[in-house]
Amino acid sequence: MFVIRILVVEDEVGLADAISEILRREGFMADTANDGKTGLEKALTGKFDCMILDIMLPGMNGLDVLSYLRVKEIEIPVLLLTAKSEIDDKIKGLDCGADDYLTKPFVTGELLARIRAMTRRLGTVPDINPKFGDITLELKKGELICGTGSVVLGRKEFQMMELLVSSAGQIVTKEVFADKIWNGDYEGAYNNVEVYISFLRKKLQSLKSKVQIKTRRGIGYCLEVMG
């Protein structure tokens with residue numbers, strides 16, 4: 001089943017991470033950017049199905065990011081976030097090609113309702129519990145399940161396993177882990193990825209799963225089902 005990927009472009013790191021966590025718990029995949037230029041670069045990759053975009057961003061504001069995307073005929077649905085409540089800001093955003101807007105502060109329920117409305121137009125539904133082999137990821141509880149057994153994963157463990165499962169057996173590089181989980185901190189990621197992979201391997205073993213995390217030396221990691 002198709003998993004909707006959402007890009008959150010928000011300069012308040014804590015808020016961006018909180019929104020991403022909420023989205024993941026609801027069955028979406030989420031990535032973040034904390035400035036306009038980085039957000040634009042990620043949006044231009046074509047990897048995302050929906051975008052949450054703050055208007056007030058350092059370097060390049062959200063309206064400029066949105067205008068550039070629309071000039072390039074990139075029709076990704078965009079929900080604008082703004083700390084301002086003036087009508088002019090909302091009008092400018094809609095004129096630039098936004099699909100909807102939400103004024104900060106907002107409640108979680110309203111954010112999710114607007115995202116669901118936008119993603120329904122894509123004709124897709126989030127995969128609530130991604131699966132691979134005999135394992136299932138329970139997104140709302142943050143659990144890894146195999147048969148009748150389950151184990152709760154730490155936040156980064158869960159994010160890494162989510163990437164591995166969603167990649168359907170393909171190789172996930174350390175660069176991808178760094179971009180999506182460590183926000184581009186390559187040094188921090190390289191020092192920690194192997195540690196978290198070791199944790200995940202032990203948990204798979206504890207569940208007696210046939211799924212194993214294989215190392216592709218010098219490239220990355222992938223899931224395989226052993227006979």
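Student: Which residues are buried in helix 6?
Tutor: In helix 6, Glu-157, Phe-158, Gln-159, Met-160, Met-161, Glu-162, Leu-163, Leu-164 and Val-165 are buried. Buried means under 20% relative accessible area, exposed over 50%, and partly exposed in between, using a 1.4 Å probe and protein chains only. Helices (H or I, at least four residues) and strands (E, at least two) are DSSP runs, numbered from the N terminus.

Student: Before we go on, what sort of model is this?
Tutor: This is a predicted model, where local features need pLDDT of at least 70 and side-chain atom pairs count only at pLDDT 80 or more, while totals for chains, interfaces and linings use all residues. Residues are numbered from 1 along each chain as its sequence is written, and side-chain values use heavy atoms, with hydrogens and water left out.

Student: OK, back to helix 6. How many of its residues are buried, and what does that say about its setting?
Tutor: Nine of the 12 are buried, so helix 6 is largely enclosed by the rest of the structure.

Student: And how far does helix 6 reach?
Tutor: Helix 6 covers residues 155–166 and reaches 16 Å from its first C-alpha to its last, close to the 16 Å expected. The expected span is 1.5 Å times one less than the number of residues.

Student: Switching to cavities. How many are there of 30 Å³ or more?
Tutor: The count comes to two cavities of that size. The rule uses a 1 Å grid over the protein atoms alone: a cavity is a set of points where a 1.4 Å probe fits but cannot get out, and lining residues have an atom within 4 Å of a point. Grid points are joined across faces, edges and corners, and a volume is the space filled by probe spheres set on the points.

Student: What's around the largest cavity?
Tutor: The largest cavity holds about 130 Å³ of space. Its lining includes Arg-5, Arg-24, Asp-31, Phe-48, Gln-159, Glu-162 and Lys-180. Strand 1 (5–9), strand 2 (29–33), helix 6 and helix 7 (174–181) each supply at least two of the lining residues.

Student: How many bridges hold strand 1 to strand 2?
Tutor: Strand 1 and strand 2 share five bridges in the parallel sense, and Val-8 stands opposite Thr-32 in strand 2. Val-8 is also 7.0 Å from Ser-20, C-alpha to C-alpha, though 12 residues separate them in sequence. Ser-20 lies in helix 1 and, at 1% relative accessibility, counts as buried.

Student: What about strand 12, which strands does it pair with?
Tutor: Strand 12 (residues 220–225) is joined to strand 10 (residues 172–173) by two bridges, running antiparallel. Strand 11 (residues 211–216) pairs with strand 12 over six bridges, also in the antiparallel sense. Strand 11 and strand 12 make a hairpin with three residues between them, and Gly-218 in the turn has a positive phi of about 80°.

Student: Which peptide bond is cis?
Tutor: The one from Lys-104 to Pro-105, with omega near -5°. Pro-105 sits in the loop between strand 5 and helix 5 (108–120).

Student: Last one: is Glu-73 buried or exposed?
Tutor: Glu-73 counts as exposed, at 65% relative accessibility. Glu-73 is not a glycine, yet has a positive phi of about 60°.

Note on methods
1 Å grid on protein atoms, 1.4 Å probe; cavity = no way out; pocket = protein on both sides within 12 Å on 5 of 7 lines; lining within 4 Å. Pairing = 2+ DSSP bridges.
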